[in-house]
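Let us walk through this structure together, one step at a time. Keep the picture in view as you read.

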Amino acid sequence: MSRKRSVLSVLSLLVALSFVSVGSAADTLKIGFNIPLTGDIPKVGEGSKFAAEMLKEEVNGAGGLKVGDKTYQLEFIYEDNESKAESATAAALKLITQDQVLAIIGPQASKQAIPAGEVCDSYMTPMISPWSTNPQTTKDRPYVFRACFLDPFQGPVAAKFVSEEFGAKKAAVLYDIASDYPKGLAEYFKEAFEKIHGPGSVVAFETFTTKDRDFSAQLTNIIKSGADVLFTPQYYDEVPLIVKQAHELGWNKPIMGSDSWGSAELMTLCGDDCKGLFFSTHYAAAGAKGATKEFIEKYKAKYGYVPDDVAALTWDATRLLLQAIQETGGLTGNLDKDREMVKDALAKVKDFDGITGKMTFTPEGDPIKCAVIVKISDQGEFEFYKSVCP
Amino acid sequence: MEVFLQNLLNALQWGSFYALIALGYTLVYGVLLLINFAHGDIFMVGAYIGFFVASFFLGKYAFHLPLDLPPSVIFLLTLLLTMALTSVVGVTLERVAYRPLRRKGAPRLYVVITALMCGLLLENGNLALLGASRRSFPELLPKAVYDLGGVSVTNIKILVIIAALLVFVFLETVVRKTKLGMAMRAISYDRMAVPLMGIPVDTVIVFTFVLGSSMAALGGVLFATAYPVLEPYMGALIGWKAFIAAVIGGIGEIRGAFAGGFLLGFIEIFVAAFFPSTLRDLISFSILLVFLSVRPTGFFGVARATKI
């Protein structure tokens with residue numbers, strides 16, 4: 001008898017508790033983060049999470065986010081997508097249906113952002129990818145946005161830069177054919193470079209597949225081809241191997257990279273071999289001013305290292321989302337309706353002043369913003385070298 | 001011609017790694033008729049142990065040696081200590097996972113599945129323990145690039161190739177010329193009769209695991225020296241491919257592991273060099289498949305009645 005009663009009392013307590021949690025949920029805003037905390041690029045996930053945590057503390061510390069006449073506390077839910085496409089869709093689905101988030105930040109890499117964007121769009125949940133530069137991520141998806149420039153813009157920027165800076169007439173490309181981002185960017189670079197120097201001026205267009213560690217055969221071909229510059233739009237865990245092996249095989253011409261190079265981890269893995277190389281990216285930590293500098297200093301004081309571009313873009317993407325939520329002028333509490341309102345507000349954003357530059361959105365959900373060329377200095381810092389605007 | 005020579009060197013280095021790992025598969029199979037699928041991950045563990053040992057000798061931790069050693073001495077010490085420590089891991093695996101099953105007379109299939117699980121355990125244990133972030137193997141040997149008439153060679157490349165050849169000579173001698181080697185071959189021949197002759201089977205098996213694991217450790221440290229980015233899953237794919245190399249060579253035969261390893265290295269490099277590199281795995285494994293259908297026991301293998 002007493003056991004039955006205790007079971008009953010526990011049950012009623014549970015029911016009461018669940019009512020309480022429903023009651024308080026009205027005053028929190030749930031935002032999901034679909035980021036790679038493990039897998040190939042865990043540093044990217046870590047940077048994203050740190051930046052988001054910093055922003056959350058700042059907003060919640062100031063009392064919360066004011067939307068219309070109500071103030072909300074922020075609740076961020078981090079879901080690990082293991083840097084895999086299939087896990088990214090599963091994570092998006094979980095955030096949308098189970099955690100009932102208002103909107104999603106991430107995934108970061110295009111490989112995950114393209115399939116996850118499909119999920120978010122079909123479930124009519126706003127998604128902002130901070131770092132995905134492949135056009136397909138947002139194409140024909142009204143609910144999907146991004147906080148960075150696109151590969152069709154970055155490719156020509158790199159092609160133009162190597163032609164002007166190094167006087168390159170012939171270029172070689174080495175990229176991972178099994179990954180959306182490098183593949184897309186390699187093709188845009190080739191197209192742009194051949195437009196400047198004529199067809200056939202990309203003399204070596206070599207590929208490998210994810211997880212490869214030995215590039216000696218491809219690099220031997222590249223060296224033989226007589227190219228003036230090597231363009232390799234790879235992630236920070238492959239770049240050190242590519243660069244080191246290229247130097248070992250006798251390559252001493254410039255190597256150019258893309259925004260995927262810009263991880264805080266690149267220099268600890270690459271060391272001296274990467275010094276003096278260039279890459280195009282979203283922001284440069286060395287020589288930053290204003291709000292950007294403030295962000296960098298705060299981040300560095302809190303986590304002990306200079307934030308990379310993913311952290312900065314996640315910061316911008318999350319702030320962008322918060323601003324859009326504020327601009328809805330008040331949430332209804334009906335999740336479907338709120339999600340639609342946030343989407344509409346995001347599409348209307350003009351001249352958003354982010355720490356990675358000013359952004360105005362096109363109807364596709366892509367911002368118009370400038371690219372930065374960074375030079376890796378002899379101290380191993382990412383130094384601002386040049387700014388290239390559309 | 002230069003390109004051919006350059007790729008020949010590339011292939012020799014790449015094949016050396018396959019050979020060093022394939023060896024571990026072959027040694028254990030030769031004695032126990034067990035495919036030790038955890039071996040690729042033992043290789044990974046070797047690389048990680050090498051990383052920590054090297055960092056220790058370089059004085060990167062709070063507790064360090066009172067004297068500064070020259071880098072080449074550190075490299076040698078790292079190599080030896082890593083081989084010893086990795087052997088401990090390999091033997092522990094045998095003690096904890098394989099021996100109890102063997103004692104209970106479990107069919108070999110179960111032991112193979114256990115081995116697969118042990119491999120996953122090592123990978124994910126590492127992930128849980130050390131996190132997913134990449135580690136950079138310290139540069140112990142100052143890199144020197146030699147240019148020989150258009151062909152570039154580094155001292156590391158030469159070291160790797162020589163090490164693989166020395167290991168080959170060493171193991172051939174051990175297995176063919178020593179008593180312990182004779183015992184190893186005897187166990188694979190008839191496991192029931194050997195204990196009756198007074199040969200301590202368990203000791204021989206432990207010795208086999210020591211040999212296999214220390215060669216994987218050697219491979220791991222050399223691999224990390226040549227490709228200095230460490231990650232928990234680095235042993236998985238290369239381990240599988242080395243297993244294929246061991247089968248091609250005729251599993252159970254040391255010559256076979258080397259022949260298979262170098263063959264796979266050559267095919268991979270030359271396919272990537274002369275065809276679009278996208279086709280590398282497709283072409284290289286098609287070649288190997290055709291080869292196996294013609295000679296199912298590999299180069300040096302002998303057909304046995306039971307295999308798994």
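**A loop to begin with**

Q100(A) sits in the loop between α3 (85-98) and β4 of chain A; here helices (H or I, at least four residues) and strands (E, at least two) are DSSP runs, numbered from the N terminus. Although Q100(A) is not a glycine, it has a positive phi of about 55°. Another loop, the one between β4 (103-105) and α4 of chain A, holds P107(A). A cis peptide bond, with omega about -5°, joins G106(A) and P107(A).

Before we go further, a word on how to read all this. This is a predicted model, in which local features need pLDDT of at least 70 and side-chain atom pairs count only at pLDDT 80 or more, while totals for chains, interfaces and linings use all residues. Residues are numbered from 1 along each chain as its sequence is written, and chains are lettered from A and ligands numbered from 1 in the order in which they are written.

Now step back to see chain A as a whole. Its secondary structure comes to 12 helices and 16 strands. The radius of gyration of chain A is 23 Å, close to the 21 Å that the globule rule gives for 390 residues, so chain A is as compact as a globular protein of that length. That radius is taken over C-alpha atoms, and the globule rule is 2.2 Å times the number of residues to the power 0.38. Along its principal axes, the C-alpha trace of chain A spans about 85 × 50 × 40 Å.

How is chain A divided into domains? Domain 1 covers 27-149 + 290-369, and domain 2 covers 151-281; such bounds come from an automatic or database domain assignment. The centres of domain 1 and domain 2 of chain A, taken over C-alpha atoms, are separated by 29 Å. Where these domains touch, 17 residues come from domain 1 of chain A and 16 residues from domain 2 of chain A. Two residues are in contact if their C-beta atoms, placed from the backbone, lie within 7 Å. On the side of domain 1 of chain A that touches domain 2 of chain A, α2 (42-61) and α4 (110-122) of chain A each supply at least two residues. By class, that side has 8 nonpolar, 4 polar and 5 charged residues. For these classes, Ala, Val, Leu, Ile, Met, Phe, Trp, Tyr, Cys and Pro count as nonpolar, Asp, Glu, Lys and Arg as charged, and the others, Gly among them, as polar.

Next, look for a sheet in chain A. An open sheet of 3 strands has the order β12-β13-β14 (chain A), with antiparallel pairing; two strands pair if DSSP finds at least two bridges between them. Its edge strands are β12 (352-354) and β14 (367-368) of chain A, each pairing on one side only. β12(A) pairs with strand β13 (residues 357-361) of chain A over 3 bridges, in the antiparallel sense, and F352(A) has M359(A) in β13(A) as its bridge partner. These two strands, β12(A) and β13(A), form a hairpin with 2 residues between them. On the other pairing, 2 bridges join β13(A) to β14(A), where F361(A) stands opposite P367(A) in β14(A). β13(A) and β14(A) also form a hairpin, with 5 residues between them, and G365(A) in the turn has a positive phi of about 95°.

Let us turn to the second chain. Chain B has 10 helices and 4 strands. With 308 residues, a compact globule would have a radius of gyration near 19 Å, and the 20 Å of chain B agrees with this. Its C-alpha atoms fill a box of roughly 55 × 50 × 40 Å, taken along the principal axes.
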